[in-house]
Amino acid sequence: MTKQASEEPLASQHDVDGMEFESRGQWAMVVRRFVHNGQAMTGLVAFALMLLVSGVYTALHPNQYSALSTAFNQGPSAAHIFGTNGIGIDMLAQILKGVLQDLQVAVLVAAMSVVIGTLVGAFAGYYGGKVDNVLMRFVDLVLVIPVLVVLIMLAHIVAQQANNWFYLAIIIGSLSWTYIARLVRAEFLSLRERDFVEAARALGASDWRIISRHMIPNAVGPIIVNATITVAGAIVLESTLSYLGLGIQPPAVSLGLLIEQGQSAATTEYWLFVYPAAFLLMLIVSVFFIGDGLRAALDPRKNRVRS
Amino acid sequence: MVEPLLDIKDLDVRFSTSEGETRAIRGINLSLNPREVLGIVGESGSGKSVTALAVMGLLAKNANVTGSIHMGDRELLGMKDRQLSSIRGLKIGMIFQDPLTSLNPVYSVGWQVEEAISAHQDLSKEKRRAEAIRLLELVGIPRADDRVDDYPHEFSGGMRQRVVIAIAMANNPQIILADEPTTALDVTVQAQVLEALQVAIDQSHASLVLITHDLGVVAGLASRVVVMYAGRIVEIGTADAIFYSPAMPYTHGLLGSIPRVDDDGGARLRQIPGSPPSMIGTQPGCPFAPRCPLRKDICLTEEPALRSVSSTTGTEAHQAACHFASDVVTMPLASMFPDTSDDHEEPPQ
Amino acid sequence: MTSEAPVAIETTTPLLSVKDLVVHFKKRSHRFLKSYENTVHAVCGTSFDIHPGETLGLVGESGCGKTTTGRAVLQLIRPTSGSVTFAGQELTGLNREELRGTRQTMQVVFQDPFGSLDPRMPVGEAIAEPLRIHGQWTKSEGHQRVGEMMNLVGLEPRFANRFPNEFSGGQRQRVGIARALILSPRLLVLDEPVSALDVSIQAGVVNLLEDLQARLGVAYLFIAHDLSVIRHVSDRVAVMYLGRIVEIADQGSIYRRPSHPYTQALLSAVPIPDPHKERSRRRIVLKGDLPSPVDPPSGCRFRTRCWKAQAICESETPELLELEDGHRVACHFPEVIEVV
């Protein structure tokens, strides 16, 4: 079933009349390889389910995660399938809200990392020489800043803010783009030597055209893969901070915060600790599986057809 | 009839890949006589290198090999690695295309030649070193006694390939398998290396299997020539038979499509239309049929067997896999493929 | 193209004129804690002309500077000194913006059909790219123009939205040629255009290049190491050794009457697919290795491997002098030896 669906666009290209330039073939192959990867699809399905359930639930019950009830510290039951906490809030609602909160932070961090990292890496790799030296020394500088220490320092200020997840994401994001920058630079250094880049130069193409039309599309695979790793990393970092009480502040919730609140009761009211932890684990593992699947699917060595 | 050194029967090699099963070699029968130079020519994907790797037991794990490869009374196929290593290097020496990757960069060349010697011979340290120097001198490395302690990166490509030849002949093997030994080299360097190779086989009385895509190299060295196409032997015969009276349209096409340095370039090249078939899955009929100007109905349904070409005189073992081999062999060279610019329609002006 | 009368070519003004071209690279090498800067003498004082519609074959072994010469002509590598005049305009010293006009009339096809096309760009888009870069792309005619080019090089226009990896090596090289020709250039620099292709595919691309030249009148600078291909396609041939042209002449003259010892060794080393001829040939096998271009020999650069070398070869660089009509050789002791 999946095979048919993914081969369809390839086959239909034969029938396209005239000239229609679309980038379907390449991506159709990537999709096909991804779909045929069991681990990657498990990750994708698990991730999509978590996102869907939390999104729908939170949309239907927007205030449920902070709604108090008289059912204090109750174990899982039909009414509250993941139980309730000490002040009678439904754990399911809190966990699902926490998943969304974590993803919000992670996606913003990843987006910042990709944009800053790609631009810095692209300019360093393309121009080389002095530009490369200056940019990469700056990257080194950012790299040696211990993220946790900075966050601990800044978190006290940030924690006072109302929508503090946003500031938290900005801080994490502005310190975690260095990896992508180094990666894009390395890709660009090797792409710069490729004949097709030289050929574009011989055509008189501008630097910007060469970077945007030829080099970034060829580096997009590694960028996507590392964006997913950044997502996972950001979730871990946010959870760590929340666990230390420096991240997301109540009444907002995040999985890390829930784990912190539930850990003291881990032996007695297990549901306060086990369910958030399990969701955090599932979230991170599924994102890693997706990243790994993408890396395998995008591997250009598998795209090659021998003459 | 002399006892063949190496006897390959019904060799079949399949690779299972994610795209499906690739049939790299489809039923090859070939024997190698003592002290002969056998050239195997073919384009990329024709199976010529896979044949060599199968003989050496060096195919990848996903290869499914059937048939038999006899050396004397020993069956090489299915042999354990440990048993095979008593044959590799001792009975069969191997020369690969890229001399840079077939030498280990962290050891001196002398060390690597000595290692090849000590794998099969029990010699004292001094004798081993003397032997290594003798071999390096033999293949034409100047001041071999000085350079024996140098490392591969201190040698040029041609010199490295000579070291590889020295290693291949270290134990006086009966067979030297050379897989595209000069493809990575410049033409003047190629001449030097071919000269070294000639010395190596003269000295060790080995048979040489020379695998290459360069018909010129084969013409100079080989006494017998095998032409491979799509995993099969499509023609085999003496060098003279192959070059002067080919009996397979593909061989005709190859000879007509290469520009020659001794030809003043006036005539157009006769190109073979189309491209080699995909090796995934099987189509009925002759694999060359889609590109063949002599194609008839039978070619599309029935795959021709490798049969003796009767009308050639004096070449007792000239065989070709073509339904019309006896017609082809009488055709003048390069007359078969039309002198058209392209099999494509003319563009609108 | 070899049938064209050479007299007609001689009388026209050259399309491309290269004079005393020098390209040096700085190469930094590290040994322990010290770092050295060496100069690689890639091209040293090369001069040649290409006339409209003719093919100049530039042949030599790896490291001889032929590829660097091609890139310097295209101004992809800026020459250290010397001049490159194209259609009356001096190119050295022009900035990128000023070079854009020239880029339309001088194009390049690279060796590696796998590396020279962007794997993420459909071939139709790749062929159209020159139009877009030079602002000639129009919605109404662009697609049609791409279709015409694909037809011209023997590709089906309906495959325009396929990606390079769906094509064979020979087909990709045709895409590269279509892309290079879409702006109707007057000169095409062909850098080893067929050496990565299988023999049965090579012939098709060589024939295509010949047909296109006959039809479009474009001139070729054909760079290759394969002397057989060079003989087949060229009107005139220049042989390079270690950054210098050692011999330049009409194709027939250089192959039938080679006068430089290096040309002779080179020609004699090319195998001929003819057993009788090949076994009875005299082969000149050179001694030793190619010297390093970092520290090339003084005087004649070939002297370290030449069987005729004398004291003068070490002290004096031989000039590229006319031996007979249009046949120039850089050797103190030129002498014709037939080798093929």
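Student: Where do B:Glu303 and B:Arg232 lie in chain B?
Tutor: B:Glu303 is in the loop between helix H12 (297-301) and strand S11 (307-308), and B:Arg232 is in strand S10 (residues 232-238), so the pair ties together parts 71 residues apart in sequence. Helices (H or I, at least four residues) and strands (E, at least two) are DSSP runs, numbered from the N terminus.

Student: Is B:Arg232 buried or exposed?
Tutor: B:Arg232 is buried, with a relative accessible area of 13%. B:Glu303 counts as partly exposed, at 29%. Buried means under 20% relative accessible area, exposed over 50%, and partly exposed in between (1.4 Å probe, protein chains only).

Student: What's the ground rule for the model and the numbering?
Tutor: This is a predicted model: local features need pLDDT of at least 70, side-chain atom pairs count only at pLDDT 80 or more, and totals for chains, interfaces and linings use all residues. Residues are numbered from 1 along each chain as its sequence is written, chains are lettered from A and ligands numbered from 1 in the order in which they are written, and side-chain values use heavy atoms, with hydrogens and water left out.

Student: What does chain B average in pLDDT?
Tutor: Chain B averages 86, and 93% of the residues score at least 70. Over residues 341-349 of chain B the pLDDT is below 50, yet this stretch has 20 contacts in the model beyond near neighbours in sequence. pLDDT is the predictor's confidence in each residue, from 0 to 100. Contact means heavy atoms within 4.5 Å.

Student: Back to salt bridges. Which residue does B:Arg224 meet?
Tutor: B:Glu36, at 2.8 Å from N to O. B:Arg224 lies in strand S9 (residues 224-229) and B:Glu36 in the loop between strand S2 (20-32) and strand S3 (37-41) of chain B, so this pair ties together parts 188 residues apart in sequence. B:Arg224 is buried at 16% relative accessible area, and B:Glu36 is buried at 8%.

Student: New topic. How many residues of chain C are in contact with chain B?
Tutor: 53 residues of chain C, against 54 residues of chain B. The buried area is about 4400 Å², with 53% from carbon and sulfur atoms. Buried area is the accessible area (1.4 Å probe) that two parts lose on being put together, summed over both.

Student: How many salt bridges does the rule find across that interface of chain C and chain B?
Tutor: Three. C:Asp211 forms a salt bridge with B:Arg268, the closest N and O atoms being 2.8 Å apart.

Student: And chain A with chain C, how much do they bury?
Tutor: About 3700 Å² between them, 52% of it on carbon and sulfur atoms. Here 35 residues of chain A are in contact with 41 residues of chain C. The count is three salt bridges. A:Arg209 forms a salt bridge with C:Glu129, the closest N and O atoms being 2.9 Å apart.

Student: Which residues are linked in a network of salt bridges?
Tutor: A:Glu198, A:Arg201, C:Arg71 and C:Asp191.

Student: How many salt bridges over all chains?
Tutor: A search of the whole structure finds 40.

Terms used
Salt bridge = Lys/Arg side-chain N within 4 Å of Asp/Glu carboxyl O.
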